[in-house]
Amino acid sequence: MSALLSVRDLSIAFGSHRAVEGLSFDVAPGETVAIVGESGSGKSATSLAIMRLIEREGGSIVNGSMQFGEAERIDLATADEATMRRVRGNRIAMVFQEPITSLNPVMRVGDQVAEVLIRHRGLSRKDALAEAERAFEHVHIPDPKKRLHQFPHELSGGLRQRVMIAMALACRPRLLIADEPTTALDVTTQSEILTLIRSLQKEIGMAVLFITHDMGVVAEIAERVVVMRKGAHIEAADVATFFSNPRTSYSRQLLAATPKLGSGAPEAPALSAPVLEVKSLSTSFAASALRGSSRTMAVNNVSITLGKGETLGLVGESGCGKSSLARSILRLVEPETGEIHLAGRDWLRLSSDELRAARRDAQMVFQDPYASLNPRMAIRDAITEPAQIHKLVSARDARDLAVRLVERVGLDADSVDRFPHQFSGGQRQRLAIARALSVQPKLIIADEAVSALDVSIARQVTDLMLELQRSEGVSLLFISHDIAVVERVSHRVAVMYRGEIVETGRTDDVLGAPRHEYTRRLLSAVPRPPLPAPAFQSRRRNDMNARSVLPGDRIHALETLNG
Amino acid sequence: MLSYIARAAARILLTFLVVITLAFAATRLSGNPIDYIAGQGLTQEDRALLIRYYGLDRSVAEQYLAFLKSFFDGEFGLSYVERRPVSVVVAERIWPSLQLLLSSVALTLALSIPLGVLAAIWRNSWVGSAIMSFAFLFYAVPNFVLATFMILVFAYWLNWLPVVGNGSWAHFIMPTIAMSGILIAGLTRFTRNAMLDVLGQDFMRTARAKGLTETEVIFRHGLRNASITILSVIGLQVAGLAAAGSVVVESIFSWPGIGELLVRSAILRDYPVLQFGVIAVSAAVLLINVLVDIAYGFADPRIRFGKA
């Protein structure tokens, strides 16, 4: 069978920087190929080059060809703009990562889908809307007639991505390019969207080029895998071979760094008096600043405890109240009822002066390492600021403290005189941890602290946190939507759903034998990279006892992985 | 939603009360009007009589309360100068002012939005630089300088255009340009920035991925989104224009509008006209703001449905 898309020797440049160099791969009709790689690998540049949207992003195709089509073939690399306009949205369609920013916020979603049909099918607006309604039905959007007239902000993340898919599939394309289409979604929604893409693909008979960094997603959806790193093609294999017998060391490292649910939790520390005790805590917000009447319970009657040197993993989907709980504990928002005992203090009784002094016991590490460090502040000041505020260090000694801190988190001593933009995302997160450590807190709350990082980097950062916990005896409240990561770092787990803790217990117990229906649903939605070789044949979506173990010494692999 | 409207209405009413109070206070600070309206050669008795007649002998607080009462009774008083009800004096000035305002706004929109869009699309070429250079130039020139310059060139030297009054369409040309010069420059720059923000958005990429033409992408998706931010600025600027621009420009061109009336009344200490004129202009500014808020809701569905 001849290929639907043949990419040969593709090179893409942004100015003088080569984003992709000599990339070749094929996509057969009806086939699903996953392009896998970490950030900076050139996978998104490749997808934009196929659509010839790369020029708009400031890039250019320097070399290579991209033959596309079955009967008559065109070279996408050299096609003119008029030809490309007939291809885009019609024969090749694309779904992007962030459905909320990828949809026009001021245009009704029905019109956004109809627009494609008007453009490529020459339909009238009325006919196109009728067709859009069928497209909505097709992607299982409930109540499609009503949804047509809604705006993106009125839809949930999952529905928005369904709208994007309906839009992409409206003209029945031969090739769908899906660029991280589920990365911004919760696991349960992700699982629904993947199932949807798979079933529609069969029905329409289109090929799918799936861009992702998530090995679990690759295992769920792809037939073949192309691995990229720093713009270069690393290896290509069918998915079973890839997981059972990756040929290159980079692929093995990538697989090893991927957190896998069922790898087992760390050993719990010896029991001790709790550092943090939260009893029946409730926090609510006004539902709307304009109406001011009804209030939403963000945190509802939550009780948790956290011992010294212990990590409690807090999992749940976006909007479940995880971050509100964290903020309530730190009194960044004022809880309504309940009790908090932190480091021996009745936390909610503290006056604002006492609270300010007491806050050194509880520090926080945030999700976005780019936003959480002041770009104008040298590292030596940024990471010692908490210590200076609490007068634990004089301005003269601050630099020495900064040096000790950066060395503590695995960075060079001369880092302290640099500025945040000179560091990578992983390094910045290390600096954020150093800042939290500067006041020797009893509790660190890490709110999605590794969610924005590539898997191998995330792995290094969580390893660092575990190591620091062992040496400093600090307690960790580790908040994440990624259950596999939570499992790796948490002694105990609390599952949060709609503001309430629905289940809590030892990590292995909760994840191995979940008692609450929601926990089960959450777990079954997590995509899993398969076991090596024979076990791959039977995909074990609900088999909680099958624990995947991957070849190679993981820790060793990590040490050799990029620094 | 109802409480939102109620609060908005209360806010407008409060603003309006502040405006009325300020209008009252400002006129009391500027000297005794009797000396101006009656002129020289008034006997002391007549002067005292007039002061009592207009209630100027009472305390400021009493005057203020009397002023408020008559205002809400719909009695705005007589012009000291023209001896006619101020409502009539002001009302006949509204239409000429509105005509000038509308023609200025129309010219501003017709020029600055296309220019701003072009400047954004061609930001890296000479076209964009040329547009922005002109915008900067006009932004730096005050309207009275522009007006005087135009009068010098087109009326005095070339004798092409009339200067005084509003008798024909030709009378509109110079006042309209003088009124909208700064506005066009400001709005062109703002449109460019708003478009630049939008051009980098993800949904623009989605629109291109649909196979739309560049024109469709720019106007249907880009400008539609940029229009939300542009609208908010138009509202502010038009309000400012209605208040400040018209005073200067109408005076220069002897345009029979409210701005010219205000200046003249201020010079003549015609308190009732001045007060009512200021209040009328303020009411117009408030009205424009309300209209912009409503238009904003139409342009941005996220606001219409009460979410930010």
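## Strand partners, sheets and a chain interface

Let's start with one pair of residues: the bridge partner of A:V495 is A:E503, which sits in β20(A). The two strands involved are β19 (residues 492-497) of chain A and β20(A), and they pair in the antiparallel sense over six bridges. Strands count as paired if DSSP finds at least two bridges between them, and the elements themselves are DSSP runs numbered from the N terminus: helices are H or I of at least four residues, strands E of at least two.

A word on what you are looking at: this is a predicted model, in which local features need pLDDT of at least 70 and side-chain atom pairs count only at pLDDT 80 or more, while totals for chains, interfaces and linings use all residues. Residues are numbered from 1 along each chain as its sequence is written, chains are lettered from A and ligands numbered from 1 in the order in which they are written, and side-chain values use heavy atoms, with hydrogens and water left out.

Now step back to the sheet around that pair. It is an open sheet of six strands with mixed pairing, in the order β16-β17-β18-β13-β19-β20 (chain A). Because β16 (362-365) and β20 (500-506) of chain A stand at the edges with a single partner strand each, one side of each has no neighbour in the sheet. From one strand to the next, the twist averages 20°. Helix α12 (residues 322-329) of chain A packs on this sheet, touching β13 (311-315), β16, β17 (443-447), β18 (475-480) and β19 of chain A, and its direction makes about 150° with that of β18(A). Here contact means heavy atoms within 4.5 Å, and angles run from 0 to 180 degrees between N-to-C directions of axes, which are lines fitted to C-alpha atoms, for helices over the stretch in contact.

Buried means under 20% relative accessible area, exposed over 50%, and partly exposed in between (1.4 Å probe, protein chains only).

Chain A also has an open sheet of four strands, ordered β2-β1-β4-β5 (chain A) with antiparallel pairing. Its edges are β2 (17-27) and β5 (74-75) of chain A, each with a single partner strand, so one side of each is left without a neighbour in the sheet. Two bridges join strand β4 (residues 59-68) of chain A to β5(A), and the bridge partner of A:Q67 in β5(A) is A:D75. Helix α1 (residues 43-50) of chain A lies across β1 (5-14), β2 and β4 of chain A, at about 115° to β1(A).

Two residues of chain A deserve a look for their backbone. Most residues other than glycine have a negative phi, and most peptide bonds are trans. A:H140, in the loop between α5 (125-138) and α6 (144-148) of chain A, has a positive phi near 60° and is exposed, with a relative accessible area of 55%. A:S280, found in strand β11 (residues 274-286) of chain A, has a positive phi near 45° and is partly exposed at 35%.

Next comes the interface, where 29 residues from chain B meet 32 residues from chain A. The area buried between the chains is about 2,700 Å², with carbon and sulfur atoms giving 56% of it; this is the accessible area (1.4 Å probe) that two parts lose on being put together, summed over both. Three salt bridges cross the interface of chain B and chain A, where a salt bridge is a side-chain nitrogen of Lys or Arg within 4 Å of a carboxyl oxygen of Asp or Glu. The side chains of A:R56 and B:E214 meet in a salt bridge (3.4 Å, N to O).

Finally, look inside chain B at B:T108, found in helix α5 (residues 86-121) of chain B. At 2% relative accessibility, B:T108 counts as buried. Beyond its neighbours within four places in sequence, B:T108 is in contact with B:I113, B:S180, B:L183, B:I184 and B:L187.
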